[in-house]
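Take a look at the structure below. We will go through it one part at a time.

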Amino acid sequence: MKLSYINNQMVFLGSLALLGLLGIVQFANAYLISFVFTILIYYILAQSWDWIAGEMGYVNLGHYCFYGIGAYIFGIFLVEGYTSSTAMLLNIVMTSFIAIIISYPLYRLKGDYFAFATLALLPLMEVLAYNLSSITKGGDGIVFPIQKVSSLTYVLALVLSFISFILTLWINRSRFGYALRAIRNDEEVSEVIGIKIFPYKVKVLVLSALFAGLAGALQGWQMSFIDPGSVFGLNVALVPIAMVLFGGSGMRWGPLVGVILLACIQQWMLVNLKMLQTTIYGLIILCIGRFMPGGLLRAGWIKKTKFLSFLSKEHHEYMTDQLEKSVIQSDAKQISLQDILGTRTINRQILILECEHITKSFGGNVALDDVSFKINQGEIVGLIGANGSGKTTLFNCISGVFKPTSGKIRFLNQELSGKSRDEIAQIGIGRTYQLPRPFGDLTVLENLAMPLMFGGEGMSPHEALINARALATFIKLSNKEMVRSDSLSLQEKKAIEFGRAIALRPSLLLVDEVASGLTPIEVNQFVEHIRTIRNHYGVTVIWVEHIFSALTQVVDRLIVLDTGRLVADGPLAEVLKDEKVIASYLGNAKGVTNA
Amino acid sequence: MISIEVLAQVVLGGILIGGLYALVAFGLSLIYGVVRILNFSHGTLLAVGGVLASTLYATWGVSLSLMTLLLTPIFFAYGYLFFKYLLEPLSKKNHFESTVGTVLVTVGALLIMSDLTAKFAGPAQKNINIQFDTFEISGVIVSTTQIIILLGIIFLTLALHYLLKLTWFGRAVKAVTQDPLGAKLCGINSGKIKATTFAFGSATVFLASILYALSFPVDPYIGFGLTVKAFTIIILGGIGNLPGALLAGIFIGVAEGLTGLFWKPEWAPALSVILLLIILIIFPQGFQKSK
């Protein structure tokens with residue numbers, strides 16, 4: 001594998017920095033060594049926190065408790081007489097194990113609740129450290145065996161920092177990173193396009209806990225003393241987080257810059273201020289939160305200053321640069337939609353979807369009432385009904401977003417009831433949302449590439465992005481490939497919805513009002529799209545739409561819902577004669593429905 | 001064997017401290033309901049207020065009523081200004097930035113407040129050292145302090161309850177809690193309501209701090225533990241639900257007392273954290289939203 005994200009210049013500068021920092025051990029005094037050591041430890045903590053926060057958007061305020069757990073585990077085993085490498089290995093295993101256990105309950109929570117629960121871990125751990133005194137020596141703390149390890153811990157911290165940085169680069173370019181970014185934007189949509197999100201969430205927590213644990217062990221070893229207050233105290237726990245935010249969360253250089261600047265300020269205060277250090281520190285944290293929660297590197301003047309502007313680059317900009325380079329190189333090879341979707345032979349005799357007695361109620365409100373129908377392969381079926389008649393609820397039940405209260409859904413003879421959303425997506429059901437939900441802070445191309453990365457055999461992000469250009473052309477957004485999707489218009493977002501659903505290479509596509517709001521010409525184009533994906537690529541389509549003229553051009557059959565009940569199911573001409581349909585949906589001859 | 005009198009004594013103590021927890025929780029609950037901000041420095045206001053009141057009483061002999069009259073408006077104004085100048089501007093940023101921004105601002109305030117308090121009043125434990133009579137009701141020793149605290153808790157709960165129920169302000173708070181945009185469209189100046197709610201929350205905590213310091217020791221660093229307890233209480237009792245918070249507070253207070261009695265007192269602080277985690281795990285959205 002070619003590590004395409006590391007170029008020669010970076011290797012050169014990186015080795016230079018590494019050598020310089022290694023040289024410190026030989027030539028600098030103890031004071032400088034311990035200061036740089038502190039910076040390295042902060043960097044490991046800050047960067048590992050940002051894997052969860054910057055990439056996945058979860059604010060883990062209890063990150064520091066893994067630092068404490070690591071320090072305690074390492075210290076306890078070292079005191080027990082284990083060798084340092086055994087103790088370190090046990091630390092790795094046990095910290096990871098604890099992180100796995102903790103992740104299950106924690107990930108039931110989102111947003112503020114996640115933030116608060118993780119923060120509550122700190123006082124909990126502190127109480128445990130004080131009270132489980134037979135293991136932790138309580139308030140006395142743990143005194144490590146006397147060893148001269150300052151050079152060793154320094155070198156280890158240096159190596160670990162470099163690994164953290166390289167790992168960050170890798171995460172940004174990998175499918176893993178894209179999964180995290182999908183989760184950050186919209187967890188439900190991530191699942192619906194086929195990403196199994198929970199393992200990614202656990203993995204990133206374990207990874208970040210592991211690095212925090214190692215940092216804790218190294219720091220404890222170097223200082224040869226830890227106590228509950230110093231590794232679980234609130235006044236120290238939020239420092240690495242403040243550093244990341246100060247620099248710029250989710251940016252390549254953000255954590256590093258934040259750590260270096262704040263650590264220097266902290267050091268200056270330690271030397272020059274004899275009192276009120278916590279107050280000044282609190283003031284700094286407060287001001288960072290108040291004035292620059294986005295980070296220093298996102299400030300306008302950094303972008304404008306020539307020799308600093310590289311620091312302000314967001315991750316997707318790196319990706320875009322690299323992509324543009326490789327597109328120029330490989331322009332001879334044009335990928336068509338055909339290459340991505342392949343062809344599927346249609347056998348009209350095969351049942352693709354069977355819904356049997358689907359009922360879905362929310363409290364007392366019955367949204368779907370005993371709905372049964374069948375769809376054959378290769379059909380285009382229009383699903384109509386007044387607003388609130390249950391069309392979208394039906395889509396939600398089929399795609400696994402809701403579990404039906406009762407009834408069975410079978411897709412190609414597989415029962416869907418036990419399947420998760422991502423499994424349903426993987427076996428071939430794609431959907432769009434009525435209100436478009438593209439991943440806002442990703443580009444158009446990244447949005448379209450996402451299902452290509454996670455569906456089927458799974459392409460690498462680079463390959464997927466190149467392939468996604470064919471989709472961008474298909475949905476007529478090729479001129480906006482590199483634009484963040486949250487800056488687009490509603491119609492363009494709907495186009496992304498549609499393109500992303502096709503990118504999943506589904507055999508059944510659920511289309512939810514993509515055409516409403518389009519001009520007549522655009523509607524006709526969209527009808528053409530639907531026809532194309534059926535005729536050329538063998539995709540079966542269920543299309544919810546209020547623009548009746550659009551439906552009539554392309555559907556083989558209509559299904560009509562009225563207040564949760566299926567009132568008609570048949571060929572267009574037949575349904576249009578049905579009086580119930582006329583009354584409920586089209587309006588009667590007088591133009592007013594009978595209430 | 002623990003006698004029934006000792007048990008009653010512990011339960012009474014638990015009710016008192018639990019009622020005080022509930023007073024802290026009221027403010028946090030109002031603030032979280034209206035502003036959707038977790039104010040990590042909320043409990044620290046009790047620490048500051050308690051230390052301040054104890055010091056004023058011990059050093060200059062300022063009477064409790066004078067203290068209340070003078071300092072309540074100051075805490076009220078502090079809450080108003082803190083929200084208006086430090087927190088409200090963050091609500092215009094994107095979601096991630098406003099979440100971490102408010103965490104840093106409120107945690108920063110927490111660190112500053114406890115450090116300054118420790119600097120000026122010393123880090124040692126204090127309380128308002130007023131001697132009251134004690135009397136005995138069938139073997140249980142009750143002091144007049146405890147009666148005063150109990151009456152104070154009841155009075156403050158009722159006052160807040162009726163403030164929210166009967167006044168225009170209370171209805172506006174309810175409207176903003178349920179639907180900030182809708183409230184705005186109905187002509188409620190939600191920015192002002194939010195700041196005022198913050199101010200009421202802070203003033204309530206100060207009043208609670210005087211009651212607290214009457215019979216429990218305070219120091220500059222007890223704040224965060226109280227915030228965790230208050231948060232547990234509002235999740236247990238329902239956000240914006242004052243009677244629920246009072247019951248939940250008393251439940252936690254009594255449970256802590258019993259933990260100390262039947263097991264070890266040093267485990268009592270862990271109780272609310274563990275309870276909080278368990279509740280959050282069973283009801284990931286709190287009690288209110290889960291049906």
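How many residues of chain A are in contact with residues of chain B? The count is 37 residues of chain A, meeting 37 residues of chain B. Two residues are in contact if their C-beta atoms, placed from the backbone, lie within 7 Å. On the chain A side, the elements giving two or more residues are helix 5 (111–131), helix 12 (234–237), helix 13 (239–247) and helix 15 (277–291). Helix 5 of chain A gives the most, with 11 residues. By class, this side of chain A has 25 nonpolar, 9 polar and 3 charged residues. Here Ala, Val, Leu, Ile, Met, Phe, Trp, Tyr, Cys and Pro count as nonpolar, Asp, Glu, Lys and Arg as charged, and the others, Gly among them, as polar.

A word on the source. This is a predicted model: local features need pLDDT of at least 70, side-chain atom pairs count only at pLDDT 80 or more, and totals for chains, interfaces and linings use all residues. Residues are numbered from 1 along each chain as its sequence is written, while chains are lettered from A and ligands numbered from 1 in the order in which they are written. Helices (H or I, at least four residues) and strands (E, at least two) are DSSP runs, numbered from the N terminus.

Now stay with chain A. Its domain assignment, automatic or from a database, gives domain 1 (8–232), domain 2 (238–313) and domain 3 (351–438 + 488–586). The centres of domain 2 and domain 3 of chain A, taken over C-alpha atoms, are 50 Å apart.

Next comes a sheet. Chain A has an open sheet of 4 strands, in the order 4-3-6-7, with antiparallel pairing. Strands pair if DSSP finds at least two bridges between them. Strand 4 (365–376) and strand 7 (414–415) of chain A are the edge strands. Strand 3 (residues 351–362) of chain A is joined to strand 4 of chain A by 8 bridges. A:L351 stands opposite A:N376 in strand 4. Helix 19 of chain A packs on the sheet, touching strand 3, strand 4 and strand 6 (406–411) of chain A.

A:N396 lies in helix 19 (residues 391–398) of chain A. Is A:N396 buried or exposed? A:N396 is buried, because 23 other C-beta atoms lie within 10 Å. The cut-offs, within 10 Å of a residue's own C-beta atom placed from the backbone, are 20 or more others for buried, 12 or fewer for exposed, and in between for partly exposed. Beyond its neighbours within four places in sequence, A:N396 is in contact with A:V401 and A:F402.

Notes:
Axes are lines fitted to C-alpha atoms, for helices over the stretch in contact, and angles run from 0 to 180 degrees between N-to-C directions.
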